Amino acid sequence: MLSRFHFKVIIFTIAIATINLWTTTFLLDQISTSTTTKQEKFSSPALRNILQREHQQDREFEDLKTKKTSPLHDQTLFYNNSIHRSWLLQQQDDTTFAENKHPPYMLLLTNFGWNHENQTGIGLQTRRFQLSTRLYEGIINHEYFHPTAWQDLESGKMKINERVRYYVFLDAETCHEKSWPEYGGRLNNLDLSGGRIYSADKSKDLFVRPILRQSKLFTTFHDAKSNNAKYIVFECGCAGPQKHYVHARKVDKGRNQLVLASLSSAKNQLLPSQQDDDGVIGLVPPPTKTCLPSDIRDILQTTHCNSGEQQERPILWSFAGKPRTLARKALISQHNVSQNILAGTDHKVLLKDYFNSSIQLLENTNYSFQQLTLLSNFAATPGGDCLFSYRFSEVISCGAIPIVEDNGWVLPEFLEPLVIRGNYSSTALAVTNNLNNWTLEKLCRRRQELVRIYQKYMHTGEGVIRGILDSLERKRK
């Protein structure tokens with residue numbers, strides 16, 4: 001007869017074998033390249049959800065093909081036909097433009113990936129995340145976007161005008177941001193509209209160097225001093241510009257044609273030439289949640305800061321988040337309710353403690369992160385795994401002034417003068433940055449300017465693209 005010990009050993013061995021068998025089966029199913037159906041291959045809820053979305057969007061795309069809504073090959077991007085499109089109105093039936101009568105610049109979209117003429121074989125086989133969809137819909141709905149100019153210029157149908165500034169965007173996934181709009185959503189954040197695939201994107205970064213070397217447009221503008229062609233690529237990696245962009249920069253050979261709109265670059269990661277010209281432009285992270293409706297943000301902008309209309313916020317500065325970095329731990333260590341500094345791991349706990357100790361508890365208070373930020377004059381915005389943080393944009397949308405870690409993170413030039421660069425390791429962040437010395441009027445004016453920037457350059461994909469182009473245009477002057 002088996003002893004109790006031997007019986008436990010047998011049960012444990014069977015359990016381990018079962019787990020190993022399940023794990024092996026699961027991994028084989030995930031990497032299988034056989035002809036099994038998608039339904040058989042998917043075992044996780046996230047992948048099953050993708051499959052359901054694919055079926056629904058396949059049907060939507062079939063309807064879309066019967067009523068073409070834009071001159072682009074890619075019909076899955078929303079193309080607003082009601083926009084005043086200056087180039088199409090200017091061009092009419094001619095391919096040249098009278099001097100000083102054309103728009104100052106033109107936006108172009110290539111046709112190698114999403115916008116390829118062969119949508120079934122190539123276009124819809126090119127992976128895209130929803131953040132990229134947001135950005136590219138901002139491109140194609142800009143007033144100066146020309147939907148067919150890239151292929152028209154390359155084929156010679158349209159003449160290259162050396163008085164026009166051309167801003168070219170690649171129709172392939174170079175951002176690969178998996179945490180928007182659902183933070184941590186990964187595969188759930190893929191854009192599967194029109195039956196787009198979910199698998200790895202084989203076209204990743206294939207066209208960066210060849211375009212600079214071979215395209216008719218970029219080889220025409222070979223003199224950096226009179227360079228009127230810019231090739232803008234979205235770079236969203238945590239570690240700054242990747243190696244293939246460094247190599248592409250060498251291909252650029254001082255022409256300054258390649259521009260990286262980078263979400264998470266530090267100044268010391270850039271090449272010397274990129275630090276001096278427009279080789280890298282900060283890309284603002286979109287908020288996963290916003291605080292105030294647009295009409296309330298509009299009211300904030302019209303408040304008279306010197307007339308007593310401005311509202312005093314009771315909390316000096318705040319931070320709520322997981323203490324997974326030294327910077328975050330340093331922020332949390334400065335929690336001090338008596339000095340109106342709220343810093344901790346849980347915004348609900350922070351708010352409840354603060355309300356009970358300092359002001360009367362308000363009814364219907366939701367104790368959200370947004371509520372905490374709405375009550376704060378300043379808010380710390382440390383990164384997590386990357387230099388950037390989505391909370392940066394969320395804080396601005398709440399009308400708080402962001403305190404950004406002084407780690408060299410490259411911000412858009414229109415935001416840099418408005419934020420506070422703080423040393424998070426300091427034991428007295430408020431004292432070091434003189435936060436207590438800000439008057440209500442100064443707080444009000446800074447808040448107004450940040451909200452104005454948010455409304456213009458951060459709230460929508462169109463605004464983000466406008467911010468990139470305005471920055472490049474200002475650098476030319």
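Mentor: What follows begins with the whole chain, goes on to the disulfides one by one, and ends with some other local features.

This is a predicted model, in which local features need pLDDT of at least 70 and side-chain atom pairs count only at pLDDT 80 or more, while totals for chains, interfaces and linings use all residues. Residues are numbered from 1 along each chain as its sequence is written, and side-chain values use heavy atoms, with hydrogens and water left out.

The chain contains 18 helices and 10 strands; helices (H or I, at least four residues) and strands (E, at least two) are DSSP runs, numbered from the N terminus. Of its 477 residues, 50% count as buried, where buried means under 20% relative accessible area, exposed means over 50%, and partly exposed lies in between, with a 1.4 Å probe and protein chains only. The chain exposes about 23,400 Å², of which carbon and sulfur atoms supply 52%; accessible areas come from the Shrake-Rupley method with a 1.4 Å probe, and for residues only the protein chains shown count as cover. Among contacts between residues at least 6 apart in sequence, 71% join residues at least 24 apart, a contact being heavy atoms within 4.5 Å.

Now to the part you asked about. A search of the whole structure finds three disulfides, each defined as a pair of cysteine sulfur atoms within 2.5 Å.

One of them joins Cys175 to Cys236, with an S to S distance of 2.0 Å. This pair links distant parts of the chain, since Cys175 sits in the loop between strand E2 (165-169) and helix H7 (208-214), whereas Cys236 sits in the loop between strand E3 (229-235) and helix H9 (243-252), 61 residues apart. The angle about the S-S bond is -100°, and the link of Cys175 and Cys236 is left-handed. Both Cys175 and Cys236 are buried.

Another disulfide is formed by Cys238 and Cys386, whose sulfur atoms are 1.6 Å apart. Here too distant parts of the chain are linked: Cys238 is in the loop between E3 and H9, and Cys386 is in the loop between strand E8 (376-380) and helix H15 (390-397), 148 residues apart. Cys238 has a relative accessible area of 37% and is therefore partly exposed, while Cys386, with a relative accessible area of 14%, is buried.

The remaining pair to describe is Cys305 and Cys444, which form a disulfide with their sulfur atoms 2.1 Å apart. Cys305 lies in the loop between H11 and E6 and Cys444 lies in helix H17 (residues 440-458), so this pair ties together parts that are 139 residues apart in sequence. The torsion about the S-S bond of Cys305 and Cys444 is about -70°, which means that the disulfide is left-handed. Cys305 and Cys444 are both buried.

The loop that holds Cys305 also contains His304, and it runs between helix H11 (294-302) and strand E6 (315-320). His304 has a relative accessible area of 47% and is therefore partly exposed. His304 and Glu441 are 137 residues apart in sequence, yet from C-alpha to C-alpha they are 9.0 Å apart in space.

With a relative accessible area of 18%, His176 is buried. Pro181 is found in the loop between E2 and H7 as well, and a cis peptide bond, with omega at about 5°, joins Trp180 and Pro181.

A positive phi is also found at Asn434, a residue other than glycine, where the value is near 55°. Asn434 is in the loop between helix H16 (429-432) and H17, and because its relative accessibility is 43%, Asn434 counts as partly exposed.
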